[in-house]
Amino acid sequence: MIKILTIGALLSTAVIYAASTAGCTGCHGTKFEKKALGTSKIVKDMSKDDIIKALKGYKDGSYGGAKKAIMKGQVAALSDADIAALADAIKGGGSAKAAAPADKKAAAPATEAKKDEGLKEDNIESGKIGYDLSGKKVVDENELGLRKAGVNDDKVAPPEIKYDAPAPGAAKKFARSYVNAPPLIPHSVDGLLPITIKNNACLGCHMPDKAKEVGATPIPESHFTNFRPDTKIENGKIIKDGKEVKNTSDVIIAKFKKLKHLSMARYNCSQCHVPQADVKPLVKNNFRPDFTDKSLKEKSNLIKVIDEGVK
């Protein structure tokens, strides 16, 4: 919204590239195929006459809905000839060439910047590269980011992921991503998820008394520990581990409480442990874990170090 309003303010000045569509594509799409701000008409479906009528209406305030002030700022300084050229450009599927400003000297910064950058005219007019009024290079929003698409483009989907993992018991374990990282799930989770309050299929293999027998990674001691303070309200007072909490300075870290059963805070395994798929990363990850104790690639010692702090 800030960008739109800023462009509108700039276009209301006398020094403009009057018929350029570069400022339109961020909201309407490079081919005018989007509903701007999710509410406008799709401009590419409008006739040239309707586009001209709409732009003139925005200019004199006779056209538009609740957000018409945004467009009024965009077209305030356009002449009838500029509006006609803009409509031609939209219906032609491209950007209109900028109309020459009245003050030729005022156009020099953008012209010189274009020359200095060595940019091709067709790139500038395609909407991929534009210039603001200070002569600085402006890149269309659809060229930004990893997806190379607008934030409102609902046709962009993540790549399809296939989990072609072997069955439980037949998979090779993954080394942990870093010390005490939740281990990744190396096997198929078909039929095992979702976990519900009445059914957690993970426990059938990963409970410590069964893991060794089936060759699974046992649930660590930290999952049988309650790290949360016992909290209750007595006579309108908040009591944590037997101490009244009057302000934030009274809150203390709870002492560990060993449990004979799995802590319900750790019951939903899939909130931390996830299956893996072979997909191409959008950004290369150069992280390499430093295991000073090599055995920690396969097990957790979290319960022993959680009180030590950061060294």
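1. For residues, exposed is used here for a relative accessible area over 50%, buried for under 20%, and partly exposed for what lies in between. By that cut-off aspartate 45 is exposed, because its relative accessible area is 55%. Please keep in mind throughout that this is a predicted model.

2. On the overall make-up, the protein chain contains 10 helices and seven strands. Of its 311 residues, 27% are buried, and the accessible surface amounts to about 21,300 Å², with 56% of that surface belonging to carbon and sulfur atoms. Among contacts between residues at least 6 apart in sequence, 58% join residues at least 24 apart.

3. The structure holds five salt bridges, of which several deserve a separate comment. Aspartate 45 meets lysine 44 through their side chains, with 3.2 Å from N to O; the aspartate is exposed at 55% relative accessible area, whereas lysine 44, at 42%, counts as partly exposed.

4. A further salt bridge joins the side chains of aspartate 88 and lysine 48, at 2.7 Å from N to O. Aspartate 88 belongs to helix α5 (residues 80-92) and lysine 48 to helix α3 (residues 48-60), so this pair ties together parts that are 40 residues apart in sequence. Both partners fall in the partly exposed class, aspartate 88 with a relative accessibility of 43% and lysine 48 with one of 33%.

5. Lysine 258 and glutamate 221 also form a salt bridge, in which the closest N and O atoms are 2.8 Å apart. This pair links distant parts of the chain, since lysine 258 is in strand β7 (residues 257-258) and glutamate 221 is in the loop between α9 (208-214) and β3 (225-226), 37 residues apart. Lysine 258 counts as exposed at 53% relative accessibility, while glutamate 221, at 42%, counts as partly exposed.

6. In what order do the three strands of the open sheet lie? The order is β4-β5-β6, and the pairing is antiparallel; the edge strands, each pairing on one side only, are β4 (231-234) and β6 (243-244). Strands of a sheet pair through backbone hydrogen bonds, either parallel or antiparallel.

7. Within this sheet, β4 and β5 are paired over four bridges, and isoleucine 233 has isoleucine 238 in β5 as its bridge partner. Strand β5 (residues 237-240) is joined to β6 by two bridges: isoleucine 239 stands opposite glutamate 244, and lysine 240 stands opposite lysine 243.

8. The two hairpins can be read together. In the hairpin of β4 and β5, with two residues between the strands, asparagine 235 adopts a positive phi near 50°. In the hairpin of β5 and β6, which also has two residues between the strands, aspartate 241 takes a positive phi near 50°.

9. How many aromatic pairs does a search of the whole structure find? The search finds one, formed by tyrosine 58 and tyrosine 63, whose rings are edge-to-face with 5.1 Å centre to centre and 90° between the planes. Tyrosine 58 is buried, because its relative accessible area of 18% is under the 20% cut-off, whereas tyrosine 63 counts as partly exposed at 25% relative accessibility.

10. The loop between β2 and α8 includes histidine 187. Is this histidine buried or exposed? Histidine 187 is buried, with a relative accessible area of 14%, and, not counting residues up to four places away in sequence, it touches Ala165, Pro166, Ala167, Pro168, Ala171, Leu192 and His206. Its C-alpha atom is separated by 8.5 Å from that of glutamine 276, a residue 89 places away along the chain.

11. Leucine 146 lies in the loop between β2 (137-139) and α8 (203-206), but here the residue is exposed, with a relative accessible area of 56%. Together with Leu282 and Val283, Leu146 makes a nonpolar surface patch of about 340 Å².

Key. Residues numbered from 1 in each chain as written. Predicted model: local features only at pLDDT ≥ 70, side-chain atom pairs only at ≥ 80, totals over all residues. Heavy atoms only, no water. Patch = residues over 30% accessible without salt bridge, like charges linked within 9 Å, V, L, I, M, F, W, Y side chains within 5 Å. Areas by Shrake-Rupley, 256 points an atom, 1.4 Å probe, with all protein chains shown as cover. Salt bridge = Lys/Arg side-chain N within 4 Å of Asp/Glu carboxyl O. Buried < 20%, exposed > 50% of the residue type's maximum accessible area, 1.4 Å probe, protein only. Contact = heavy atoms within 4.5 Å. Phe/Tyr/Trp six-rings, centres within 6.5 Å; stacked < 30°, edge-to-face > 60°. Pairing = 2+ DSSP bridges.
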